[in-house]
Amino acid sequence: MKKRVIAALMAAGMMLMMAGCGSDAPKTDSGTSDDSVEKTEEEADAGAESGEAPADAASSGEQVTLRFSWWGGDERLQATLGVIEQFEELHPNVKIEPEYGGSDGYADKLATQLAAGTEPDIMQIDPAYMSSLTMGDTDYFVDLLADGFDFSQFDENYISMRVNGRYDGRQLGIPTGMSGPALLLNQDLVDQLKDEIGFDFTQPFTWDDMIEWGRKVHEYDETLYLIEDNKDMIEAIMLGIYSMQLTGGTYMDEETGQQRLSVEQWTELYTMVQQLYENNVVPPTSYMAAYSGDALQTDPNWIAGKYVGAFCHNSLIANMTAANPDANYSAGNLPVMENAIVGGWKANCPQLMAVSSRSENIKEAEAFLDYFFNDPAAQETLGVVRSTPATSQGREICEKIGVLDPVVAQSASVLEQYTSVETDKLSSSTEVQQILRDQIEAIGFGVTTPEKAAEETLSLLENYVSSLNIQ
Amino acid sequence: MKTNGKKTGSGRIAYRKRDRVAYLYLLPWLIGLVMLQFFPFFSSLYYSFTDYKVTGGMNWIGLDNYIRLFTKDADFHNSLKVTVLYTLYTVPLKLTMALAIAMFLNRDIKGINLIRTLYYIPSLFGGSVAIAVLWKLMFLDNGVINAMLTALHLPNIQFWGDHRYALKTICSLEIWQFGSSMVMFLAALKNVPKELYEAADIDGSGKIAKFIHVTLPQISPIIFFTLIMQTIQALQNFTSAFVITNGGPLKSTYVLGMMLYKEGFAYFNMGYASSISWVIFAMIVVVTLLLFRSSSAWVFYEDEEK
């Protein structure tokens, strides 16, 4: 009975406070005046360690609706809806409308929304797209660093990378996790062919070694290939890394638009690609055309275990292994050329979370993201649905509840051995990607030579840069 | 009838009032027309003379986009070629197929309505994504078509992966959806006066002569109409190229609609994309005008003779 009275009194007190600060609080930083509300919340949820300022704003009384968009599969959907529900329970005045779907067309839709000013308050964004969205004199996203968002759980070295959301000292996005390229191996096939081919993926190896092994694998059994990859993944994973190893940098200088690679260096890059195809290290372009983008696991030959391995993003490892669950898997070392300037391989995030600068409820949106990234209950619900969490606390929780995939963890530790450089806006833009993919495809079909492809690439890249009007 | 010719003053007011009410009823449609048709139409024309990027500002650059399209952009020349080829493959074949099936169905046999419905079904799906996905799966390396080829001891074909076949395979999807033209032809065939055939019989015409001298002239207005509609549709094709091949391989299915989409929504070059859309529009206008010009030579209208 006593407890009930206290609870009733507390509830009444809370209502009064909400009414008191409701009218003027939502858009302003309410500072310390809401401390008592904060405490009440903490009592309500013993596990919650909500951040300071953002959470305060969210507890103000006025009814607020936020739109939150993301892409992803069903597992991610359920977990994210779970976190939304938890947050809404803690903040009854905030209603979050989820807008979710597949990754197909997501970026296009978001770009259109941003152009029209109808974007959601909170957005999940592909880091590759983010660089296009921050070009020019646009200012779509809130600088979370300036707003005092609690980043204490993140490694500063990690979040300060541009690909992880830090643009010119402004944190425009929060990395949802740690992903990166991986060489996913079908361990059964590796063991079976080890003596015959003589490969060893636990030791350092070069691109030439890899090409030689690929040739031998296909000669040994012509239904087998060493690597499953399509033109998109060759561009997204191999070409950029090869270029970094060769020159120590990305394709272009983003400040000046200057090309970093000479025709000879481009020729060398494309010769590597040509060797992949000519030696049957990867399946023919014509075959892989039906399995483009990151849909590698839909290839029936992958499902049938006809590949020794595949270069993929480690956020896709779960999909890839689920497609052929009978096999055992591991993450191999990654190729580095002799005399490489840098290793090039590095971890980055698979998605960013950003808040629209035009949102009418920026504080509430930040409060939600604070809960999303910093609250233990949210971390437990989310698990690894957006890859290995980027916060130390998130990783600890995932380890404790046993959702961290050992192969994913292995691939993350493989990445730690290499040094790398920052990607740049120009080299990772969609137009540049397309230019390179077209050339890779043409080489795969044998309709162009590395020399011709190199010349054409340089001229197309120069055209692209000149269309941007960089001074 | 009495008010005709000499309207009274009060009658005119009544008319005006009625007109105003009519406009009121038309208003929802007019608003839609202005906002959803005229506004995008003219703003895209304006954008096509600017360097408007979704992620940046907008500057007037005159004819630069069009000059770049026609003189510098190799992709555009390729896309133009692919679009023209697509139109040349699909339109004549689709019309021929529709007419042939319509002639076959234009008879009184048992269950003819069911057969007609079955032939029309593919067209019900329209340009839908689902049917494009189905087509993709059927023509995959391990799809049903290749399985049939294997059963017939024929070599497998990479329908989507081989740049020599991808466009033709996409065309076959379009041709397969011949139903709407077929229904029009069927209606037209039913309207051909029987006396004409009887007269031709008396004159001793064979089946082919009857088809050429009676059927074709009689249904030529419908052929003309479907020809125009199908040509416009073919020049605007996008769905199948986007869903099945994404313009590849080697840009062999990179139709203008696909290029327009990529420039606008993948690279955010809205100004440039707008200029592509206006080129497509100009092409459609020119082709339609040419068809209309040619129509006096081959389209036969019964009332013209009167």
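**Stop 1: a sheet and its helices**

Start by selecting strand 9 and strand 10 (residues 307-313) of chain A, which pair in the parallel sense over 3 bridges. Pairing here means that DSSP finds at least two bridges between two strands, and helices (H or I, at least four residues) and strands (E, at least two) are DSSP runs, numbered from the N terminus. A quick note before going on: this is a predicted model, where local features need pLDDT of at least 70 and side-chain atom pairs count only at pLDDT 80 or more, while totals for chains, interfaces and linings use all residues. Residues are numbered from 1 along each chain as its sequence is written, chains are lettered from A and ligands numbered from 1 in the order in which they are written, and side-chain values use heavy atoms, with hydrogens and water left out.

Now click on Tyr225(A): you'll find Tyr307(A) of strand 10 opposite.

**Stop 2**

Select helix 8 (residues 187-197) of chain A. Which of its residues are buried? They include Leu189(A), Val190(A), Leu193(A) and Ile197(A), where buried means under 20% relative accessible area, exposed over 50%, and partly exposed in between (1.4 Å probe, protein chains only). Seen down the axis of helix 8, its buried residues fall within an arc of 95 degrees, so they line one face of the helix; that arc is taken from the directions from the helix axis to the C-beta atoms. On the other side, Gln192(A) and Asp195(A) are exposed. The buried residues pack against strand 8, helix 9 and strand 10 of chain A.

**Stop 3: a buried valine**

Go to Val281(A), in the loop between helix 11 (263-278) and helix 12 (285-288) of chain A. Val281(A) counts as buried because its relative accessibility is 0%. Gly214(A) is 67 residues away in sequence, but 4.1 Å away in space, C-alpha to C-alpha. Leaving aside neighbours within four places in sequence, Val281(A) is in contact (heavy atoms within 4.5 Å) with residues including Met210(A), Tyr225(A) and Leu276(A).

**Stop 4: where two chains meet**

Finally, colour chain A and chain B separately: 28 residues of chain A are in contact with 26 residues of chain B. How many salt bridges does the rule find across this interface? There is 1, a salt bridge being a side-chain nitrogen of Lys or Arg within 4 Å of a carboxyl oxygen of Asp or Glu. Select Lys251(B) and Asp438(A) to see their side chains meet in a salt bridge (2.7 Å, N to O).
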